[in-house]
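Here is a colleague's note for someone opening this model for the first time. Please keep the structure in view while reading the points below.

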Amino acid sequence: MSWLGDSDDLEDDFEDYDESTIRTRPNPKGNRPRTKRRPAHEDAVVGRVLGVDRGRYTVLLDEGTDDEHLVSATRARELRRMPIVTGDHARVVGDTSGAEGTLSRIIGIVDRTSLLRRSADDTDQVERVIVANADQMLIVVAAADPEPRARLVDRYLVAALDAGIRPLLVVTKTDLADPTAFLSHFDGLDLRVFTSAREEMPTEEIGAALVGHSTVFVGHSGVGKSTLVNELVPTAKRATGHVNQVTGRGRHTSSSTVSLRYEGDDGSGWVIDTPGVRSFGLGHVEPANILAAFTELALIAENCPRGCTHLADAPDCALIVAEERGELSDAERARLDSLQRLLQTFADKAEQAPGR
């Protein structure tokens, strides 16, 4: 005789607990099922991304307060396809104390006010994000050693205006050569220019233009960009190099993009130093935006017929007519040639596109 009692009565007692109709999805890992719902992270704090190094982000929290401090952070898995770059304002969770050995997590990016990009060349549609939220670009060129490249500066100007960033220009090594002829290429542009020599570096003048702004420094390798950054931010300690006397090319010394705080008598600002480049592709830029970088030519082009390509064979193009009539200065003719070369590159790219 069983102490459980009659077996038929036992089945009746437990018939409400029958689990045969329950359907479950196999979970071979034995962990909790994943859900598409994500936490709101209401405790997230916003900080400025100062640099990126091998998947780790240096983020400044509580900027401008007595509690200002740095944290090291990684990105959340759901952000793996989103580029997080220097200058971004990131939402951070986890251990945000900044203590040694702690690691925070970036779970989102605040909407960007600007995004500076470049491509490998003009036919490359893959864009490379350089910096976010900059409102100024300081273009650094050398008067000599290496020789200044006006067309490279034109490309910087196009990229800046396409991103809604104000361009500035500084010419270094003016003790080696007179930059007057080079600077004439930019006559008529709304472009503030600084000149710098080895013993006469206008750090105070340039620094005053940086106060209250986030300024990205760009330039060809070997032009003295890192030297200028070190003068403006003494604690930066950016590596400097020299120009190869055989090739005339500078050696890449800055290997990463980093934000540095400038402190001046009138206030502070952010200097964003970038690695030197020898080319600056504009494959990501809309061709219609290129003309805007050539301010004085854009005014003349207002008289062009609708849909004018502004290329050398464009019928009734106001720019070509002005050139033929001798109404353009030498600098404007040189800039027209630069404009047409850029536009021709995009025209050739369109012709080579699939389906054409």
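**Notes on the salt bridges and their setting**

1. Of the 356 residues in the protein, 42% are buried. Keep in mind that this is a predicted model. The accessible surface comes to about 20800 Å². Carbon and sulfur atoms account for 46% of that surface.

2. Next, the architecture. The protein has nine helices and 13 strands. Take the contacts between residues at least 6 apart in sequence: 65% of them join residues at least 24 apart.

3. How many salt bridges does the structure hold? The count is 13. Some of them are described below.

4. Start with Asp88 and Arg112. Their side chains meet in a salt bridge, 2.7 Å from N to O. This pair links distant parts of the chain, 24 residues apart. Asp88 sits in the loop between strand E3 (69-75) and strand E4 (89-94). Arg112 sits in the loop between strand E5 (104-109) and strand E6 (115-119).

5. Are the two partners buried or exposed? Asp88 has 0% relative accessibility, so it counts as buried. The cut-off for buried is under 20%. Arg112 counts as partly exposed because its relative accessibility is 27%.

6. Now look at Asp337 and Arg151. Their side chains form a salt bridge at 2.4 Å, N to O. Again the pair links distant parts of the chain, here 186 residues apart. Asp337 belongs to helix H9 (residues 330-352). Arg151 belongs to helix H2 (residues 150-163). Asp337 is partly exposed, at 29% relative accessibility. Arg151 is partly exposed too, at 41%.

7. Which residue forms a salt bridge with Arg333? The partner is Asp330, and the closest N and O atoms are 2.1 Å apart. Both residues lie in helix H9. They are three residues apart, about one turn of the helix.

8. The accessibility of this pair is worth checking. Asp330 has a relative accessible area of 57%, so it is exposed. The cut-off for exposed is over 50%. Arg333 has a relative accessible area of 32%, which means that it is partly exposed.

9. Finally, find Glu68, Arg261 and Glu263. A network of salt bridges links these three residues.

Methods: Residues numbered from 1 in each chain as written. Predicted model: local features only at pLDDT ≥ 70, side-chain atom pairs only at ≥ 80, totals over all residues. Heavy atoms only, no water. Salt bridge = Lys/Arg side-chain N within 4 Å of Asp/Glu carboxyl O. Helix = DSSP H or I, 4+ residues; strand = E, 2+ residues; numbered from the N terminus. Buried < 20%, exposed > 50% of the residue type's maximum accessible area, 1.4 Å probe, protein only. Contact = heavy atoms within 4.5 Å. Areas by Shrake-Rupley, 256 points an atom, 1.4 Å probe, with all protein chains shown as cover.
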